[in-house]
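This report describes one protein chain and its ligands. It goes from domains to strands and helices, and then to the ligand surroundings.

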Amino acid sequence: MSRPEPVLLARINTPDSASLETYRRDGGYEALRKALSMAPEEVINEVKDSGLRGRGGAGFPTGLKWTFLPKGHPGPIYLAINADESEPGTFNNRILMEQDPHQIIEGIAISCYAIKSNCSYLYLRYEYGKSYRALEKAIQECYAAGILGDNVLGTGFKLDVVLHRGAAAYICGEETGLIESLEGKRAWPRIKPPFPAIEGLFRKPTIVNNIETMACVKQILQRGAAWFKSVGVPPDPNNPRDAGSFGPKLYCLSGHVNKPGCYEVPLGITARELIEEYGGGVPNGRQIKAVVPGGISMGFLSASELDTPLDFNGPGKVGCLGLGTAAVVVIDDSASMVDVLYNCCRFFSHESCGQCTPCREGTAWMTKIMYRIRSGQGELRDLDLLMEVASSIGIIPGTTICGLSDGAAWPVKNAIKKFRGEFEDYIKAGKSSIKPAELVAAH
Ligand SMILES: Cc1cc2nc3c(=O)[nH]c(=O)nc-3n(C[C@H](O)[C@H](O)[C@H](O)COP(=O)(O)O)c2cc1C
Ligand code: SF4
């Protein structure tokens with residue numbers, strides 16, 4: 001299979017890729033210049049025409065989200081950039097920020113101009129020290145070169161970009177949790193509506209977008225909406241709610257593969273193609289047991305579902321929550337799904353912010369049940385209990401404020417449904433796979 005030329009990752013690993021000098025040498029900030037010569041509405045239309053859907057997890061159409069801002073608002077309007085990137089297995093934002101921060105800043109500047117914002121906050125996952133240093137340096141370079149500040153590229157457009165280090169919790173990535181955290185409070189998600197576009201940061205209209213979304217915006221302005229729409233897959237005619245999956249996507253491949261990494265591929269590649277042709281297959285001739293299609297909150301594909309296209313529509317067809325962050329984690333047949341699911345449950349229970357009783361108690365309860373099963377003391381009826389709890393928590397059943405609990409429920413529902421036999425065998429064997437050191441860690 002011939003590999004498409006990378007666009008979002010084109011400059012990665014070239015010498016001094018993070019500097020303004022090399023970025024400009026490679027044509028950097030010409031897309032911003034072009035955008036500034038257009039009317040803001042024209043820039044929004046270009047992004048709408050491209051079919052770009054947000055890369056942060058929900059896949060919401062970017063141009064459409066921008067149009068939700070109140071018309072003629074006197075301001076301020078904010079653009080909050082979500083660089084919290086805490087979904088397990090996800091690292092594409094980090095690579096872009098560390099190695100090509102100016103591509104992100106250019107996308108931010110174009111987006112701010114389009115939505116008539118003079119201030120963007122970039123909320124960065126606390127643990128990303130290298131990204132912080134790269135972005136800080138790039139922002140300083142931009143102020144010194146007149147790309148940011150009171151007179152962007154001499155056009156009179158004013159723009160400040162503020163880099164904000166996060167509070168080191170998964171829930172800070174939920175858009176209203178992020179806004180609360182930016183305001184200096186604990187990242188407790190807000191009840192919606194009002195959505196951030198109407199009342200967001202400091203109670204002002206706010207757009208929240210992901211880092212990779214910003215890289216796409218820059219490329220759309222540079223290469224045109226038609227180019228973006230020529231990559232990927234059109235809407236599924238059998239799904240009237242599918243808006244298509246256009247453009248290149250950064251897939252993070254990890255777990256049991258020979259060549260883990262971040263690969264730029266048109267949306268729609270199947271899990272099998274990604275694993276075999278990019279990841280070099282599974283080590284030691286082992287068989288695939290399960291694949292996480294887009295971060296663990298999306299659930300699991302079974303070995304018989306590897307031909308599922310990893311676009312915005314595909315994973316849902318086989319019972320997963322969605323494409324999520326496109327972080328693909330391969331689990332081979334040496335791993336126990338009991339161990340895998342226990343780890344998932346523990347993660348979400350730890351990261352629940354605790355505001356909603358179904359999420360706080362449900363995630364903790366599922367972790368306790370999984371611990372009981374794993375320690376060899378589970379009963380077959382625990383599997384039905386797990387399904388019952390998982391079906392009761394989340395935005396989809398309508399019992400919680402945010403989607404963390406849907407993300408906690410999906411791996412449970414998928415694992416029990418698709419790998420029930422393995423769970424039953426484990427329970428019937430009555431043996432514990434818990435190692436002595438873990439007993440201390442779990443309690
Ligand atoms: C629990 C939870 C965690 C999230 N974490 C992130 C994150 O780390 N980064 C991100 O961009 N979006 C994250 N999201 C999605 C955001 O709420 C939001 O949809 C996204 O930032 C919008 O950007 P986009 O339209 O460019 O995709 C998370 C959502 C939930 C429910
Ligand atoms: S669903 Fe969970 S994480 Fe989200 S607000 Fe409620 S308790 Fe917090």
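The protein chain is divided into domain 1 (20–230), domain 2 (245–332) and domain 3 (337–442); these domain bounds come from an automatic or database domain assignment. This is a predicted model, in which local features need pLDDT of at least 70 and side-chain atom pairs count only at pLDDT 80 or more, while totals for chains, interfaces and linings use all residues. Residues are numbered from 1 along each chain as its sequence is written, and chains are lettered from A and ligands numbered from 1 in the order in which they are written.

The C-alpha centres of domain 2 and domain 3 are 23 Å apart. Twelve residues of domain 3 are in contact with eleven residues of domain 2, where contact means that the C-beta atoms of two residues, placed from the backbone, lie within 7 Å. The side of domain 2 that touches domain 3 has seven nonpolar, four polar and no charged residues. In this count Ala, Val, Leu, Ile, Met, Phe, Trp, Tyr, Cys and Pro are nonpolar, Asp, Glu, Lys and Arg are charged, and the others, Gly among them, are polar.

Helices (H or I, at least four residues) and strands (E, at least two) are DSSP runs, numbered from the N terminus. Two strands pair if DSSP finds at least two bridges between them.

| Strands | Sense | Bridges | A bridge pair |
|---|---|---|---|
| S1 (residues 78–83) and S2 | parallel | six | Asn82 and Tyr123 |
| S2 and S3 (residues 160–165) | parallel | six | Tyr121 and Val162 |

From S2 the chain crosses through helix H7 (residues 129–144) to S3, a right-handed β-α-β crossover; right-handed means that, with the strands pointing away from the viewer, the path from the first strand over the helix to the second runs clockwise.

Strand S2 (residues 119–124) is mostly covered, with five of its six residues buried. A residue is buried if 20 or more other C-beta atoms lie within 10 Å of its own, exposed if 12 or fewer, and partly exposed in between, with C-beta atoms placed from the backbone. Helix H8 (residues 175–182) is also mostly covered, as eight of its eight residues are buried. Among them are Glu175 and Glu180. The cover over the buried residues of H8 includes S1, S2, S3 and S4. After H8 comes Gly184, with a positive phi near 95°.

Ligand 1 has 24 residues around it, and Gly54, Gly56, Gly173, Asn210 and Thr213 come nearest. A residue is near a molecule or strand if its C-beta atom, placed from the backbone, lies within 6 Å of it. Strand S4 (residues 206–210) gives the most to this shell, with three residues. By class, the shell around ligand 1 has seven nonpolar, eleven polar and six charged residues. Ligand 1 lies between domain 1 and domain 3, because both give residues to its shell.

Around ligand 2 there are 14 residues, of which Cys353, Cys356, Cys359, Thr400 and Cys402 come nearest. Helix H14 (357–374) and helix H16 (404–418) are the elements that give two or more residues to the shell around ligand 2. That shell divides into eight nonpolar, five polar and one charged.

Ala390 lies in helix H15 (residues 381–392). Ala390 counts as buried because it has 25 C-beta neighbours inside 10 Å. Ala390 is 31 residues from Cys359 in sequence, and their C-alpha atoms are 9.6 Å apart in space. Not counting residues up to four places away in sequence, Ala390 touches Met366, Ala409, Val412 and Lys413.
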